[in-house]
Amino acid sequence: MTVQSFERSAPLRSWLLAEAPESGFQAWSQSFYLAWLRLAGNPLAVLGVIVLLAAWIATHSPFEQVLAERLQRPSAAHWLGTDELGRDVFSRIVYGARTTLYIVGLVAVIVGPIGLCIGATAGYLGGWVEALLMRITDIFLSFPSLILALAFVSALGPSLDNAIIAIALSSWPGIARLARAETLTIRSSDYVDAVRVMGASTPRIIFKHVMPMCLPSVVVRVTLSMASVALTAAGLGFLGLGAQPPTPEWGAMLSTARQYLLEHWYLAAMPGLAILTVSLAFNLFGDGLRDMLNPRS
Amino acid sequence: MRLLSLVGHSVPIFWLGLMGLIIFYAWLGWVGGSGRVDIFYLDAVPRRTGMLLVDSLLAGDWDVFVSAFRHIILPALLLGYSSMAYISRMTRSFMLDQLGQEYVTTARVKGLSRRRVVWGHAFRNVLVQLATIVAISYGGLLEGAVLTETVFAWPGFGQYLTTALMIGDMNAVLACTLIVGLVFICLNLITDLLYRFLDPRTR
């Protein structure tokens, strides 16, 4: 079976690894394939991807309460036991993965473009625009992210969406700084001068010629910061300021498990392990991505 | 080592605190539980500096000192672990960066010992960047303290901040946030001043 599939894929493989590509499409596919090989060759990065995609199977409804079966130990029926309302912990952790990935994903989607736009604009324009934008960035950077997020959530009111806004507000400055630093090196390069001489407008240069060059390092940075976003989200949930009950969320689960800590330690252990795994996965994934995209290696 | 620092970078500190309480307090009984000192010893020594460890030593009360030590060791270790992980992770990447540079090769070719090159040449340069990282990780400590104090029920700054958040006391929240910001800015200032000592080029 494996031999057959290998033989069948051999022409494709030789096409992908040909010394001299014949078309632009082939060259593009080759670079993509080589990058994929390098990512797949990094076992830790693969583990990261698997962990991210694996969490879709639950045995029970995360909201179903069976008060007769509350605080049970792990068993065949309830793989990780039940919580104080008789809800299946395994299912809640699986659904909690959704909550966490929802937060992390939305934050990444909000934070990446904002940071990129602000950083690239500041770096390319320079002068008072740069001074203004970078001072604003510095103000946000002068607070630890969790504490800033706490302050924002308390101002907006505790809820899942507000937690996302708060985390996004506290995590864009790092990306803006990185994008600015990248832009500063790109700005003085010859090709940007060439485009400018050809008469391209400033927005066109920033969006079409500067930003794509910043993209790889920004993507790596966003992936790495997703790990800390997951931690901050769990921290907010733990303090009761993230997802509100009965939404399954790992931080909030840990917080309720605290009351039963001494008799039912696994209630607290499991959500924490889940947070650790996801955060580790993002870190590993980011590291793998960085090794893959790093032009120096 | 790398795994240890990667895990320390990824682990939620409040969970580590809870697990630490279960293992070292409930199961092994090596450390004290939550709070600063056993309830039995509460207000047992006169308050002078506000730091229980120092106060109990000044009063010559050994029992209180031991109890306070048993209470402080776990939160302190856990808080330190997460920031140690960050610092060691960054130091590793800085060090790799420096060791790949040509002056390191030159120094080795000149016949200097490996240890001398690593500590005398490369590490001196890393030190400058490291100062910034240590300052940033102090911010991480402040943020970790908010969660750690909640887990270990310490009546501190972080605990005050979270209770203020819960009851919606915005003035208290604002004040706490601003103080943290102020501490952070002062730290950055100190780091910039340290640069003068660590980096001859800025003199």
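**Note on the helix packing of chains A and B**

1. In this predicted model, the crossing of α11(A) and α2(B) is left-handed. The two helices, of which α2 of chain B covers residues 13-27, pack at an angle of about 145 degrees, with their axes 10 Å apart. On the α11(A) side the residues that meet the partner helix are Trp265(A), Ala268(A), Ala269(A), Gly272(A) and Ile275(A), while α2(B) brings Trp15(B), Leu18(B), Met19(B) and Ile22(B). Sorted by class, the residues of this contact of α11(A) with α2(B) comprise 8 nonpolar and 1 polar, with no charged residue.

2. The contact between the chains as a whole takes 30 residues from chain A and 32 residues from chain B. On the side of chain A that touches chain B, at least two residues each are supplied by α6 (145-156), α9 (202-238) and α11 of that chain. Of the elements of chain A, α11(A) gives the most to this side, with 9 residues. The class division for the side of chain A that touches chain B is 22 nonpolar, 7 polar and 1 charged residues.

3. Within chain A, α11(A) also packs against helix α10, which spans residues 250-257, and their axes come within 8 Å and cross at roughly 160 degrees. An angle over 145 degrees counts as roughly antiparallel, and α10(A) and α11(A) are therefore roughly antiparallel to each other. The crossing in which α10(A) passes α11(A) is left-handed. From α10(A) the contact draws on Trp250(A), Met253(A), Leu254(A) and Ala257(A), and from α11(A) on Leu267(A), Ala268(A), Pro271(A), Gly272(A), Ala274(A) and Ile275(A). The contact of α10(A) with α11(A) has 9 nonpolar residues and 1 polar residue, and no charged ones.

4. A further partner of α11(A), whose residues are 265-293, is helix α4 of chain A, residues 89-125; the axes of these two helices come within 11 Å and cross at roughly 35 degrees. The crossing of α4(A) and α11(A) is right-handed. Here Val89(A), Ile93(A), Gly96(A), Ala97(A) and Thr100(A) of α4(A) meet Leu267(A), Met270(A), Pro271(A), Ala274(A) and Val278(A) of α11(A). The residues of this contact of α4(A) with α11(A) fall into 8 nonpolar and 2 polar, again with no charged residue.

5. Buried residues account for 42% of the 297 residues in chain A. Among contacts in chain A between residues at least 6 apart in sequence, 67% link residues at least 24 apart.

6. The C-alpha trace of chain B spans about 65 × 40 × 35 Å along its principal axes. Buried residues make up 28% of the 203 residues in chain B. Of the contacts in chain B with a separation of 6 or more, 59% are between residues 24 or more positions apart.

7. Helix α5 of chain B, residues 102-109, is hardly covered, since the count of buried residues among its 8 residues is 0, and α5(B) is followed by Gly111(B), whose phi is positive, near 105 degrees. Ala153(B) lies in the loop between α6 (114-152) and α7 (157-166) of chain B. Ala153(B) is exposed, with 12 other C-beta atoms within 10 Å, and a residue with 12 or fewer such atoms counts as exposed.

Methods:
Residues are numbered from 1 along each chain as its sequence is written. Chains are lettered from A and ligands numbered from 1 in the order in which they are written. This is a predicted model: local features need pLDDT of at least 70, side-chain atom pairs count only at pLDDT 80 or more; totals for chains, interfaces and linings use all residues. Axes are lines fitted to C-alpha atoms, for helices over the stretch in contact, and angles run from 0 to 180 degrees between N-to-C directions. Helices (H or I, at least four residues) and strands (E, at least two) are DSSP runs, numbered from the N terminus. A crossing is left-handed if the near helix is turned anticlockwise from the far one by less than a right angle, and right-handed if clockwise. Two residues are in contact if their C-beta atoms, placed from the backbone, lie within 7 Å. Ala, Val, Leu, Ile, Met, Phe, Trp, Tyr, Cys and Pro count as nonpolar, Asp, Glu, Lys and Arg as charged, and the others, Gly among them, as polar. A residue is buried if 20 or more other C-beta atoms lie within 10 Å of its own, exposed if 12 or fewer, and partly exposed in between; C-beta atoms are placed from the backbone. Angles under 35 degrees count as roughly parallel, over 145 as roughly antiparallel, 65 to 115 as roughly perpendicular and the rest as oblique.
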